[in-house]
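Hi everyone, thanks for coming. Have a look at the sequence and the structure on the screen, and I'll walk you through a few parts of it.

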Amino acid sequence: MSDAEIPEAVTWPTNGSLTLEWVDHLMTAFEWCSGNLPPTDFPSLMPVAVFDSLVLTASKILHKEPNCVRIDPSPLDSTVVVVGDVHGQLHDVIFLLRDSGFPSQNRFYVFNGDYVDRGAWGLETFLLLLAWKVFMPDRVFLLRGNHESKYCTSVYGFEKEVMTKYGDKGKHVYRKCLGCFEGLPLASIIAERVYTAHGGLFRSVAVNLPKRSKGKKNRRISFNPEMKSLSLGSLEELSKARRSVLDPPWEGLNLIPGDVLWSDPSMSPGLSPNKERGIGLLWGPDCTEDFLKKLHLKLIIRSHEGPDAREKRPGLAGMKEGYTIDHVVESGKLITLFSAPDYPQFQATEERYQNKGAYIVLEPPDFDNPVFHTFEAITPRPKVNPYYDYEDVIDSDEELDFSRNDVHSADEGQSVPVCHI
């Protein structure tokens, strides 16, 4: 579409059913808008009423999905595309969709979260992916990332982006986005062979529930003493976690969402608190092996770490190619996948990271032999101002200020040399 071809404003279908043509028009309109309209004119293209209809429809679908969605790729010739962090880099997301092929009856998509923040088009990116979800709810799966939270979006630009684009309706739009974030599932299992999540593995949070005594309305809930030695959690525990929290807790009884969204792999064995981030865990190759073996899986595909985070992780490979193979164990592999090339969009360093982005295609019959596709950033990007103070903001691997001395994990200082699931 040329600059002269101004797209029509997006309207909601009268029957409420999206079509491929509708989604394609939305994508083309967003792409045009990013380089031809000031952000404050965004509602002229995407009216609040259309935003409301899209987010409401998507939220109803997402909230009905389990914490861990199980994906059975059929028909037999189906493939599954797995995507890592995209961080509001709309043009790279559009390229990825066109390069790998749009979602279809035999092409599934699993997105590992972090749709917003840092990049200047987080709102467009998130809405585009919601549109694909509404159009093909059984083929497109959107998982939650750690940036789909109130805290991160208030620091890394998404809140300000929404307020800028929607003005006096900004608070309403932002609130609706946060509500939609709460509905995003935490993890997926693909073809009973592959586990995907934004951060990765999680601890067991087994609790004792004493029987209620007659005449007493309350019963005391206490941590299982075995919690003092960290152990991997089960899929049953994951299924029961309360994901509808805007900022996952770093202590208490609902730790699993925080672990799934914030944890990182390590080359050191065992589980330990992730002190760099102040939330979540570090897990070693032995934990990867135990998790894969226990669940009869072959791959873990997680995201969460870009080039800026990886340059501070001794013993782990950098993110120059958009992916790393972090653990190779008897039962399979652990992969970190990052799909935002030349990240972050706004960089304070003299030399840019110039990393590639990547996505993975899983093919039949077993879906456990990943095919990596790398790609460069789409340039030049339209000129736009950042929505956060990228020069002074804290580094990505220290994103929560929970690392203060007065705030710490309930299991601070506890680590174990062996994992048990």
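Okay, let's start with helix α4, residues 90–100: eight of its eleven residues are buried, so the rest of the structure largely encloses this helix. By buried I mean under 20% relative accessible area, with exposed being over 50% and partly exposed in between, using a 1.4 Å probe and protein chains only. Helices here are DSSP runs of H or I with at least four residues, strands are runs of E with at least two, and both are numbered from the N terminus.

Quick housekeeping before I go on. This is a predicted model, where local features need pLDDT of at least 70 and side-chain atom pairs count only at pLDDT 80 or more, while totals for chains, interfaces and linings use all residues. Residues are numbered from 1 along each chain as its sequence is written, and side-chain values use heavy atoms, with hydrogens and water left out.

Back to α4. The buried residues are L90, H91, D92, V93, I94, L96, L97 and S100. What do they pack against? The partners are α1 (20–36), β2 (79–83), β3 (107–111), α5 (122–135), β15 (357–362) and β16 (371–375). Just after the helix, G101 takes a positive phi of about 100°.

Two of those partners, α1 and α5, also pack on each other, at an angle of about 175° and with their axes 10 Å apart. The axes are lines fitted to C-alpha atoms, for helices over the stretch in contact, and the angles run from 0 to 180 degrees between N-to-C directions. That makes α1 roughly antiparallel to α5; the cut-offs are under 35 degrees for roughly parallel, over 145 for roughly antiparallel, 65 to 115 for roughly perpendicular, and oblique for the rest. On the α1 side the contact uses L20, W22, V23, L26, M27 and F30, and on the α5 side E124, L127, L128, A131, W132 and F135. Contact, by the way, means heavy atoms within 4.5 Å.

While we're on α5, it holds V134. Is V134 buried or exposed? V134 is buried, with a relative accessible area of 12%. Leaving aside neighbours within four places in sequence, V134 touches L18, L54, T57, A58 and I61.

Now the cores. A nonpolar core is a set of buried Ala, Val, Leu, Ile, Met, Phe, Trp, Tyr and Cys residues joined through side-chain atoms within 4.5 Å. The largest one has 95 residues, and M46, L128, L130 and Y195 have the most contacts inside it. Helix α5 gives the most to this core, with nine residues. There's also a second, separate core of 18 residues, which includes V80, L299, A358 and L362.

Last stop, strand β14, residues 332–337. Five of its six residues are buried, so this strand is largely enclosed by the rest of the structure too. Which strands pair with β14? Strand β12 (residues 299–302) runs parallel to β14, joined by four bridges, and I300 has L334 as its bridge partner. Strand β13 (residues 323–329) pairs with β14 in the antiparallel sense over six bridges, and here H327 stands opposite L334. Two strands count as paired if DSSP finds at least two bridges between them. A hairpin of two residues joins β13 to β14.
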